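Subject: Structure handover

Hello,

Here is the structure I promised to pass on. Please open it first, then read the notes below.

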Amino acid sequence: MRNSTLPIPSICFIDANIIFYIEQLKSKDDFLTIIEQVYESVYIHEEVYQELSIAGRKFVDEKCQANKWVLFEPLQAFQDTYEDYRLMLSEVQATLIEVDTRRGKAGSAGTGEVASLAAAYLLNAGFICSNDYSIEEVIQEIPLHIFIDGDDSQEPVLITHHRLLDFCKLVVEGGVLPRKTVRKFFQIAHI
């Protein structure tokens with residue numbers, strides 16, 4: 001990830017836990033625009049939105065009203081392919097249950113991660129940002145291959161999972177915020 005050019009020019013679905021960590025900061029000012037500085041197209045699935053606190057929803061509402069983020073609604077987006085979305089949703093859910101059971105973490109992920117992965121796959125979205133460690137295994141086991149920019153003449157690649165540590169590295173290496181400030185943010189998730 002060294003010498004990161006930001007923002008990354010791809011859709012990234014953001015999970016509730018990333019927004020939750022921002023909410024936990026005493027001094028949020030540096031972090032209010034951080035996500036869109038890292039990802040060019042920030043999507044939040046309506047299932048993730050439902051998992052947020054009132055303050056988290058307000059934060060997302062402000063981002064969407066300012067056209068910084070997109071509140072993703074699958075019924076609208078997949079009008080003609082909604083059944084494909086439902087099938088992918090089932091496959092992701094079943095795989096996540098298997099992965100979490102193997103890891104001894106049954107029931108650890110919310111519906112937001114599942115819905116975001118299914119939508120990301122169908123939209124050819126390059127990234128999901130979540131601190132849920134099971135996501136990486138789900139992406140690899142299904143496997144969730146996408147075509148960058150929807151170009152199916154190129155080799156498919158797996159959706160990239162950015163955990164909180166990966167996100168923090170991007171922020172520092174991309175020159176968005178100093179390491180000291182980002183370290184405090186990272187520590188929120190590990191308290």
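Helices (H or I, at least four residues) and strands (E, at least two) are DSSP runs, numbered from the N terminus. The model is predicted, so local features need pLDDT of at least 70, side-chain atom pairs count only at pLDDT 80 or more, and totals for chains, interfaces and linings use all residues. Residues are numbered from 1 along each chain as its sequence is written, and side-chain values use heavy atoms, with hydrogens and water left out.

**Cis peptide bonds**

Pro143 sits in the loop between helix 8 and strand 5 (145-146). Another cis bond runs from Leu6 to Pro7, with omega near 0°. Pro7 belongs to the segment before strand 1. For context, most residues other than glycine have a negative phi, and most peptide bonds are trans.

**Positive phi**

Asn67 has a phi near 60°, a positive value in a residue other than glycine. Look for Asn67 in the loop between helix 4 and strand 3 (69-72). Some terms for cover: buried means under 20% relative accessible area, exposed over 50%, and partly exposed in between (1.4 Å probe, protein chains only). Asn67 is exposed because its relative accessibility is 70%.

Asp149 also has a positive phi, near 60°, and is not a glycine. Asp149 lies in the loop between strand 5 and strand 6 (157-158). With a relative accessible area of 72%, Asp149 is exposed.

Is strand 1 mostly covered or mostly open? Strand 1 (residues 8-14) is mostly covered, with six of its seven residues buried. Two strands pair if DSSP finds at least two bridges between them. Strand 1 and strand 2 (residues 39-45) run parallel and are joined by four bridges. Strand 1 and strand 4 (residues 127-129) also run parallel, with three bridges. In strand 4, Cys12 stands opposite Phe127.

**Helix 9**

Helix 9 (residues 164-173) is mostly covered too: seven of its 10 residues are buried. They are Leu164, Asp166, Phe167, Cys168, Leu170, Val171 and Val172.

**Salt bridges**

A salt bridge is a side-chain nitrogen of Lys or Arg within 4 Å of a carboxyl oxygen of Asp or Glu. How many turn up in the whole structure? The search finds seven.

Lys63 and Glu36 form one of them, with the closest N and O atoms 2.7 Å apart. This pair links distant parts of the chain, 27 residues apart: Lys63 is in helix 4 (residues 54-65) and Glu36 in helix 2 (residues 34-38). Both Lys63 and Glu36 are buried.

Lys58 and Glu62 form another, at 3.7 Å between the closest N and O atoms. Both lie in helix 4, four residues apart, about one turn of the helix. An α-helix has 3.6 residues a turn, so residues three or four places apart point the same way. Lys58 is exposed at 53% relative accessible area. Glu62 is partly exposed at 42%.

Glu137 and Arg102 also meet in a salt bridge (3.6 Å, N to O). Glu137 is in helix 8 (residues 134-141) and Arg102 in helix 6 (residues 82-102), so the pair ties together parts 35 residues apart in sequence. Glu137 is partly exposed, at 27% relative accessibility. Arg102 is exposed, at 52%. A network of salt bridges links Arg102, Arg103, Glu137 and Glu141.

**A positive patch**

Arg179, Lys180, Arg183 and Lys184 form a positive surface patch. Patches are made of residues with over 30% relative accessible area and no salt bridge; like charges are joined within 9 Å, and nonpolar side chains (Val, Leu, Ile, Met, Phe, Trp, Tyr) within 5 Å. Lys and Arg count as positive and Asp and Glu as negative, while His and the chain ends are not counted. The place of a charge is NZ of Lys, CZ of Arg, CG of Asp or CD of Glu. Accessible areas come from the Shrake-Rupley method with a 1.4 Å probe; for residues, only the protein chains shown count as cover. Lys180 lies in helix 10 (residues 179-188). Lys180 counts as exposed because its relative accessibility is 59%.

Best wishes
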